[in-house]
Amino acid sequence: APSIRLSPAARSLFDEPLAIAVQGLGPRQQVTLRTSLRDETGQLFQASAHYQAGDDGELDLARCPALPGGSFSGLEPMGLLWALQPQKPFWRLVKQDVQSPFLLQLEVFEGHGERPGRLLAQAQHERVFLRDGVRRVPVREGRIRATLFLPPGEDTVPGIIDIHGLGGGLFEHRASLLANHGFATLALAYYQFEDLPQKPNTLHLEYFEEAVNYMLQHPQVKGPGVGLLGFSKGGEVSLAMAAFLKNIMAVASLNGPVAATCIPLSYKDKTIPTLTLYEHKAKATNSKILDYSDVLDDPFQAPGNQSLIPLEKAEAQFLFIVGQDDRVVKSEYYAAEVCKLLQAQGKENFQILTCPGTGHCIDPPFFPLYPIGSHPVFHKRAVLGGELRAYSKAQVHAWSQIQAFFKKYL
């Protein structure tokens, strides 16, 4: 009887590859493979692909290309994971509780029909967020509301603060996965969480400074400084921290603005005003979904330039990770222009990683593409950008580059 062979067999980290093979099929037998995963709210994500077994009845996804007609085609050993798509339109895969795994179901069906044929084999696999021995520590120190993830053992390791984008709350998926790779990572909330402000009219960098000091006082965090990993507004906050605070060694910004947006930033007696937003500059696409890529003032032209973050003051190393199809922030343009300014000051503390076919959301590997979602400011359905196959490659590449960057500079 046909059976599914997985490696690792029972469980794997969410960001690591999973080898999938089917044995016991007939010679050159045509089959459809389907993966399913339910999120914590019960929403279903699925992907499927058409395959043909070899002459020996073996089907190894690392060697057999998917045939046209499924969620993807070509030689894509991880396609059944990166091509997972929500059955409910515009739904995003989010991990709330990183202490529990996602359960992946794999099924093999006969033939390539519109409807699945006879079920030939099935298997289950756990995709986990915490390696054995990684500790999850809720942090409620002073004003800080966060979760710290510590790698196994007592050795000192590089410390990273992970800062999410607009929308508030506390997101732990990226920080938990980074801790598996040997970093002490603090997932930091900064509004709309517990007793933090619901709708802040200013973000005070003193709050983030407290988080930096907390990390540097931790016995397992190797000084003398910390790294920052910020997405979108979190990238902007990270850049401002590097400009105004001490002990920031390395900043990786994922599609972050380089000027204050939406909520002003302040430190001591200095406030950076926000860029003006022009909602009337939103464009409707064919599918009536709005494209907001042109609604922000240009921070490199007056009157927007008083909103620019003074990055020339920063001592940190910068890694700008930019999606070339980002429709929320002009991240590629911003990174190129701000690096020109740094270069003009004789600085060489920056690098840009451009990700073709990648939109605003850049998650760790194997999170599904999220190309259309709610705009973080206007709360209307918006184009976020990205194309499935290109994004799946960018995720893996960016994730390895982020780790290499922090290992080098921390």
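Residues 24 or more positions apart account for 67% of the contacts in the chain with a separation of 6 or more, a contact being a pair of heavy atoms within 4.5 Å. The structure is a predicted model, in which local features need pLDDT of at least 70 and side-chain atom pairs count only at pLDDT 80 or more, while totals for chains, interfaces and linings use all residues. Residues are numbered from 1 along each chain as its sequence is written, and side-chain values use heavy atoms, with hydrogens and water left out.

The secondary structure of the chain consists of six helices and 24 strands; these are DSSP runs numbered from the N terminus, with helices (H or I) of at least four residues and strands (E) of at least two. The radius of gyration is 22 Å, close to the 22 Å that the globule rule gives for 410 residues, so the chain is as compact as a globular protein of that length. The radius is taken over C-alpha atoms, and the rule is 2.2 Å times the number of residues to the power 0.38. Along the principal axes, the C-alpha atoms fill a box of roughly 75 × 55 × 40 Å.

Of the 410 residues, 54% count as buried; buried means under 20% relative accessible area, exposed over 50%, and partly exposed in between, with a 1.4 Å probe and protein chains only. The chain exposes about 17,200 Å², of which carbon and sulfur atoms supply 50%. Accessible areas come from the Shrake-Rupley method with a 1.4 Å probe, and for residues only the protein chains shown count as cover. The chain carries 39 positive and 41 negative charges, whose mean positions are 2 Å apart. In this count Lys and Arg are positive and Asp and Glu negative, with His and the chain ends not counted; each charge is placed at NZ of Lys, CZ of Arg, CG of Asp or CD of Glu.

An unreviewed UniProt entry annotates residues 204-410 as "domain: BAAT/Acyl-CoA thioester hydrolase C-terminal". UniProt positions are given in the numbering used here, feature names are shortened, and annotations may be inferred rather than shown by experiment.

The bond from Ser7 to Pro8 is cis, with omega near -5 degrees, and Pro8 is placed in the loop between β1 (3-7) and β2 (11-13). The bond from Ala302 to Pro303 is likewise cis, with omega near 5 degrees; Pro303 belongs to the loop between β20 (290-291) and β21 (317-323).

Positive phi values occur in the non-glycine residues Ser232, near 60 degrees, and His379, near 55 degrees. Ser232 is found in the loop between β15 (221-231) and α4 (233-244) and is buried, with a relative accessible area of 9%. His379 lies in the loop between β23 (372-374) and β24 (381-383) and, at 59% relative accessibility, counts as exposed.

Helix α4 also contains Phe244, which is buried at 17% relative accessibility. Apart from neighbours within four places in sequence, Phe244 is in contact with Leu205, Tyr267, Lys270, Ile272, Pro310 and Lys313. Phe244 and Glu315 are 71 residues apart in sequence, with their C-alpha atoms 9.9 Å apart in space.

The loop between β7 and β8 holds Arg92, a partly exposed residue at 23% relative accessibility. When residues up to four places away in sequence are not counted, Arg92 touches Asp39, Phe45, Cys361, Asp363 and Tyr370. The C-alpha atoms of Arg92 and Phe367 are separated by 9.2 Å, although the two residues are 275 residues apart along the chain. Gln99 is found in the loop between β7 (85-86) and β8 (102-110) and is exposed, with a relative accessible area of 54%. Beyond residues up to four places away in sequence, Gln99 touches Leu130 and Arg136. Gln99 and Glu172 are 73 residues apart in sequence and 10 Å apart from C-alpha to C-alpha.

Arg140 lies in strand β10, which comprises residues 135-141, and is partly exposed at 38% relative accessibility. Its contacts, leaving aside neighbours within four places in sequence, are with Arg145, Ala146, Phe193 and Glu194.
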